[in-house]
Amino acid sequence: MAELTALGLERKAAAVHAQLAAALARHGRLVYSNSLGAEAIVLTDIIATQLPEIDMFSIDTGRLYEETHELLEKLQRRYRRAIRVVYPDAAALERLVARQGVNGFYHSLEARLECCRIRKLEPFKRAIVGYDGWITGLRREQSAARAAAEAVEWDAEHGLYKVSPLLEWTEAEVWQYIRARRLPYNPLHDRQFPSIGCAPCTRAIQPGESRRAGRWWWEQPETRECGLHPRVPPAALPA
Ligand code: SF4
């Protein structure tokens, strides 16, 4: 696919800014749930440099790659603006490991979802308290489940809006933005890790595999989400 012109890229970034500014005006306080993936580099840059009203947080599950921590450190230094880091509840984590073992998530889908619940979903729920909407870096082409997403949808599960300003971006456009601005990114992306999560649940993909094939690779494709993004069509927006 041909690259965007420099002007085309600027227009695409300006559209993200406009969408986020409109969401702020319409829905109120927004927070960005920063995954530290390639899309997150684009959104962090736009939010940190142009939309200081939007808060950011990132969840440290305790099982991230060291490369991910190094990237977080670089982003914190570059933007001089704290990305709040949210951790799992220590007591809940101890109980989880006592129940299923330190790598119990490999043993069943239920055990894996329980680990994601304690290490990701519960910290996420704490981090969004008091906000009217949360922002994600989802892109439509990432998976069949994400193809049906809406730019703004009501997240009935969590009781606030979910805003996805990069839905129409291609992977090539994300990388064009990162390279044009010489932004830091996770070096694992250069080692065939297009999608990066916890270290024990992410592997490099092989030629011809889907971009998310390295996430929870031992499971069926339809279960490979952490639970933050539903696998069913979005609920209708409330009036
Ligand atoms: S991705 Fe793996 S290690 Fe991380 S929270 Fe989910 S099951 Fe646990």
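How do the residues of the shell around the ligand divide into nonpolar, polar and charged? They divide into 7 nonpolar, 2 polar and 4 charged. The model is a predicted one, in which local features need pLDDT of at least 70, side-chain atom pairs count only at pLDDT 80 or more, and totals for chains, interfaces and linings use all residues. Residues are numbered from 1 along each chain as its sequence is written.

**Ligand shell**
- The ligand is surrounded by 13 residues, and the closest are C115, C116, R119, C198 and C201; a residue is near a molecule if its C-beta atom, placed from the backbone, lies within 6 Å of it.
- Ala, Val, Leu, Ile, Met, Phe, Trp, Tyr, Cys and Pro count as nonpolar, Asp, Glu, Lys and Arg as charged, and the others, Gly among them, as polar.

**Sheet**
- An open sheet of 6 strands has the order β3-β2-β1-β4-β6-β5, with mixed pairing.
- Its edge strands, β3 (84-86) and β5 (152-155), each pair on one side only.
- Strands (E, at least two residues) and helices (H or I, at least four) are DSSP runs numbered from the N terminus, and two strands pair if DSSP finds at least two bridges between them.
- Strands of a sheet pair through backbone hydrogen bonds, either parallel or antiparallel.
- Strands β1 (residues 30-33) and β4 (residues 133-135) pair in the parallel sense over 3 bridges, and Y32 has I135 of β4 as its bridge partner.
- Strands β5 and β6 (residues 160-163) run antiparallel and are joined by 4 bridges; W154 has Y161 of β6 as its bridge partner.
- The hairpin of β5 and β6 has 4 residues between the strands, and G159 takes a positive phi near 75° there.

**Helix α2**
- Helix α2 (residues 38-50) has 13 residues and reaches 19 Å from its first C-alpha to its last, close to the expected 18 Å; the expected span is 1.5 Å times one less than the number of residues.
- Its buried residues include A38, I41, L43 and I47; buried means that 20 or more other C-beta atoms, placed from the backbone, lie within 10 Å of a residue's own, exposed means 12 or fewer, and partly exposed is in between.
- The buried residues of α2 pack against elements including α1 (6-27), β1, β4 and α7 (171-180).

**Residue L93**
- L93 lies in helix α4 (residues 90-100).
- L93 counts as partly exposed because it has 17 C-beta neighbours inside 10 Å.
- Leaving aside neighbours within four places in sequence, L93 is in contact with G62, P88 and I118; contact means C-beta atoms, placed from the backbone, within 7 Å.

Methods: Two residues are in contact if their C-beta atoms, placed from the backbone, lie within 7 Å.
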